[in-house]
Amino acid sequence: MIASRIIVRSFSSSTTVQQLVKPPIQVFGLEGRYATALYSAGSKQKSLGKIEQDLDKFQGLMKTDATLAEFVRDPSIKRKTKAEALKLIGDKISLNPATSNLLILLAENGRLKNFSQVFNAYKIIMAADKGEVVCEVITAKALDADIKNKLESTLKNFLKKGETIKLTSKVDPSVIGGMIVSIGDKYVDMSVASKIKKYSDIIQSAV
């Protein structure tokens with residue numbers, strides 16, 4: 001349903017709509033469905049790179065324009081009003097039709113709060129399209145260059161022939177220690193926080 005609505009907005013040919021382009025990697029969840037539909041629309045338009053730039057541009061606006069960010073997050077504003085405003089914004093900043101249609105659809109469905117997750121899912125698909133594997137490492141403290149290089153070398157062992165790794169790191173004090181690693185569609189939680197929760201759950205269930 002999501003795929004057809006995004007593509008229908010982008011193309012007038014019913015034959016084109018029926019032929020959904022399969023992404024190089026499957027991304028799950030609601031954000032995965034939106035991102036997959038966007039990838040299909042972008043493939044047909046031959047504008048995958050432009051769409052990725054557009055999403056990055058809109059995310060940047062959300063960070064620098066407090067009024068826009070508040071407008072997007074405000075649940076009291078009607079969905080139709082948000083959709084109409086996003087169409088005007090898309091026209092003003094010259095967004096690709098598929099990008100603009102995605103934002104409008106998110107607004108209509110009350111899903112604008114999921115924009116960042118959809119963008120991340122699209123980036124995973126695009127990285128796979130380029131032969132890159134996105135890897136995110138979350139730690140309590142920033143990784144120094146030496147540890148980051150060693151970690152990257154280790155993670156390369158999980159790659160297939162012809163693939164390259166695209167490593168990003170994120171700091172989240174709540175993990176306490178250890179790390180959380182996601183590589184492609186795989187996810188491993190090796191944080192101290194997860195171990196504490198596991199043991200806490202065991203103790204509570206025994207009481």
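What percentage of the residues of the chain count as buried? And which side chains pair in the salt bridges, and where do they lie?

Modeller: This is a predicted model. Of the chain's 207 residues, 39% count as buried. The secondary structure comprises ten helices and four strands.

The structure holds four salt bridges, and I will go through some of them. Side chains of opposite charge can pair when their charged atoms come close. In helix α4 (residues 48–64), Lys-50 and Asp-54 are four residues apart, so about one helical turn separates them. Their side chains form a salt bridge with an N to O distance of 2.6 Å. Lys-50 is partly exposed, at 32% relative accessibility, whereas Asp-54 is buried, at 1%.

Another salt bridge joins Glu-52 to Lys-130, with 3.3 Å between the closest N and O atoms. This pair links distant parts of the chain: Glu-52 belongs to helix α4, while Lys-130 sits in the loop between α8 (115–129) and β1 (132–139), 78 residues apart. Glu-52 counts as buried because its relative accessibility is 14%, under the 20% cut-off. Lys-130 is partly exposed, at 47%.

Helix α9 (residues 145–155) contains both Asp-146 and Lys-150, which are four residues apart, about one turn of the helix. Their side chains meet in a salt bridge at 3.3 Å, N to O. Asp-146 is partly exposed at 45% relative accessibility. Lys-150, with a relative accessible area of 53%, is exposed because the cut-off is over 50%.

Technical notes:
Residues numbered from 1 in each chain as written. Predicted model: local features only at pLDDT ≥ 70, side-chain atom pairs only at ≥ 80, totals over all residues. Heavy atoms only, no water. Helix = DSSP H or I, 4+ residues; strand = E, 2+ residues; numbered from the N terminus. Buried < 20%, exposed > 50% of the residue type's maximum accessible area, 1.4 Å probe, protein only.
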